[in-house]
Amino acid sequence: MTDTKKSSKTKAPAPSRVDWQAGHGPLTGTLNGVAGALTTTALGHAAGLPAGWALAAGAAGALGTIGSGLRKRLTAATLSFRGACWMTAGGWSSWALAHGGPWQWPEIGSLAVAGIAAGTLAVGFAAHEEVEQAKRQHLLLIGARRQLAAEWTDRIKRVCSVDVTVLGIEHWPSGAGYTVEIELPEGGTTRRAITDRTEALGSDLDLPDGCGLQTMPGVSRRRVLIQVTTKNLTGQELPFPLDEMAETTTVNNPIPIALLSNGARAEMDLRQASTIVTGPTGTGKTNWLHSLIARLDQTNDVLVWVIDLNGGSIGLPWLNAWRDAQIRRPGSRWAEATIPVPGVDWVASTPAEAKRMLDAAVRIAKHRKVAYQDAMRDANDDKLPVGPTVPEIVIILDEGAEAAATREARAILAGVSEVVRIARAMAIRAVVSVLRVTQDVMPDPLVRKMASNRLATGALEDSELGHLFGWRALRAEDSFSGPGSVLVGTEGKQPAKGRQWRITPDMIEEISAITSHRRPNLDGPSLEAAGTDYTDRWLTERCGHLWATDPTAAMAAPAAGSTGSAGGPGRSAAPAGGWKATANWDQPAAAPVVDPEDLESIWRLPDAVKLEPEQAPPGVDWSDPSTWATGRESAAPETPGAKDAALQLLHDAGPEGTGASAMERALKDTFGTRRPVLQNWLKAWVESGDAVRVGEGSKTRYVHRDHAPEA
């Protein structure tokens with residue numbers, strides 16, 4: 001148990017009250033009926049009413065309860081029992097009035113016997129009624145399903161021209177739709193006969209905007225599941241299940257990452273698979289990443305490293321509770337709490353820090369292969385056994401467009417690609433978040449190709465989903481119902497629609513505090529391989545820029561040469577109360593150091609081309625140095641505008657295709673794009689599947705995938 005302060009005070013339980021609107025059970029109903037008959041008879045005896053009035057009142061009550069039961073569609077047995085109870089009460093009251101009143105022993109004794117008998121029989125009749133009503137409801141449901149099945153059989157015949165058999169219909173617990181299981185006829189009919197007509201089926205159903213159909217494979221080739229979304233969930237939020245954070249999980253099991261439309265949870269294997277998540281701004285991509293970090297923090301065998309060149313914003317909320325506890329920030333609810341480690345183990349917000357992180361990850365992966373050979377032999381596995389003593393490292397790269405904006409930042413994507421390529425068996429995985437999966441945002445197609453976990457929070461064009469999920473993807477307008485909706489695909493399977501949980505900054509701080517005591521330390525061999533790049537990650541000169549202001553409280557500097565683990569530098573020498581302050585919060589951040597390689601690269605550029613006057617190309621004036629050629633035009637920046645224009649030229653060329661020379665003539669006046677750059681783009685488009693190369697030698701041409709011969 002931690003001594004973390006609760007975010008809110010425990011409310012006192014509300015005082016218990018009698019619910020007068022609650023229905024009667026067998027006991028209370030019997031007591032109420034006996035007491036009512038006795039009281040009514042006593043009042044009638046005091047008023048001198050004749051005995052016939054009581055018998056008439058009992059008959060009227062029997063008729064009334066039978067009429068009310070008929071409206072509620074009760075069974076005949078229950079109606080007979082209730083009518084008999086009223087007639088028995090009326091007959092007893094008439095007998096008591098005719099023989100001196102209800103307060104004599106024979107009258108009281110007979111009323112008690114009648115009450116006990118009625119209460120005993122009431123239990124049996126109540127159970128009988130419950131069973132009969134359940135049967136009736138089941139029959140009605142079967143009838144409704146039969147009617148719905150007949151409608152679907154006719155609909156598929158009418159729209160798809162396929163005679164199918166509806167095997168079952170299951171309504172989702174969420175109430176947002178249902179699933180229809182069908183069996184295709186013999187003769188070689190494939191699922192594509194249904195899949196290609198899902199839009200027409202949705203139109204035939206007249207589904208609301210934001211709803212659609214999705215076909216999923218069944219248990220065999222002839223079985224197809226049609227998932228029908230009938231309710232638009234736009235604007236509905238699912239709060240993150242904070243209470244689940246008390247349970248400790250492991251990354252060796254799939255991680256829940258969303259709630260599917262049918263009520264089940266979408267899960268991802270993050271032990272062996274890398275992940276790519278895409279979506280435009282405002283669709284909930286950052287919220288999903290926070291939810292993923294929360295699920296990873298729920299485990300006791302994962303360390304989360306974050307790369308965010310946009311100021312480290314994705315990682316900052318996971319540092320707040322820990323930092324407030326270290327500096328005892330006045331007014332913070334975490335000022336007196338014991339939070340030994342942050343919610344994320346390392347945050348890189350600059351290219352230099354990201355390079356350190358990725359280089360350390362590569363060194364760890366290579367060193368683990370040697371250091372843990374015996375452990376893998378003992379486990380009879382070619383993959384490193386992951387546990388609290390040897391944790392997995394998950395590197396989350398947010399906003400991949402920022403990592404592709406400059407030459408220095410593009411090297412980060414190359415480092416991520418290397419991690420994805422070599423570190424799977426050594427338990428280092430990557431989660432890459434990008435706005436789009438196109439070449440201008442993600443220059444390295446290897447990251448996308450090797451990420452078997454794929455998730456989209458939104459898309460502006462159908463081609464984006466096709467590029468991510470292949471032909472299995474739905475149309476963009478049918479896949480998402482506003483912010484919070486997701487499309488999840490794992491292991492190359494058909495993507496499924498779902499919704500993500502909404503996580504707030506308060507929840508993030510609460511999760512950081514709850515899970516801080518289960519965070520693992522980096523194992524010894526990995527710590528040795530990472531070196532000071534890892535142990536000094538929380539020094540002020542490296543992370544002080546993550547906070548706008550320094551705390552007012554003076555903090556102690558870490559001991560020289562101290563090593564750290566998950567909690568930061570100097571943790572091994574921490575006092576008994578836990579590591580509190582080693583980050584030099586009170587010292588200003590050091591000035592950034594210029595990378596000598598960047599300066600050196602300036603002098604590696606080729607010399608300016610020297611041409612004789614008679615060799616001067618058109619447009620060159622030797623008296624004007626600004627028109628001289630330098631030989632560096634081939635390294636022109638790959639501006640998104642030029643690339644988009646080149647891709648549009650390729651598309652407009654149609655089935656005939658085009659080449660780099662023709663594209664250069666069309667683009668060099670507007671964008672200054674040269675042939676070598678265009679050749680690189682065409683080669684990358686062929687690798688990513690956006691273009692197809694046709695012909696050889698001088699007859700080589702490139703055709704857009706929309707006009708490819710096999711399309």
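User: Is Ala 427 buried or exposed?
Analyst: This is a predicted model, in which local features need pLDDT of at least 70, side-chain atom pairs count only at pLDDT 80 or more, and totals for chains, interfaces and linings use all residues. Residues are numbered from 1 along each chain as its sequence is written, and side-chain values use heavy atoms, with hydrogens and water left out. Buried means under 20% relative accessible area, exposed over 50% and partly exposed in between, with a 1.4 Å probe and protein chains only. Ala 427 has a relative accessible area of 0%, so the residue is buried.

User: What is the phi of Ala 427?
Analyst: Most residues other than glycine have a negative phi. Ala 427 is not a glycine, yet its phi is positive, at about 65°.

User: Is Ser 161 buried or exposed?
Analyst: Ser 161 also has a positive phi, near 60°. Its relative accessibility is 59%, so Ser 161 counts as exposed.

User: How are α9 and α11 oriented to each other?
Analyst: Helices here are DSSP runs of H or I with at least four residues, numbered from the N terminus. The axes, lines fitted to C-alpha atoms over the stretch in contact, with angles from 0 to 180 degrees between N-to-C directions, come within 10 Å and cross at roughly 20° for α9 (residues 351–371) and α11. Angles under 35 degrees count as roughly parallel. Therefore α9 and α11 are roughly parallel.

Technical notes. Helices (H or I, at least four residues) and strands (E, at least two) are DSSP runs, numbered from the N terminus. Angles under 35 degrees count as roughly parallel, over 145 as roughly antiparallel, 65 to 115 as roughly perpendicular and the rest as oblique.
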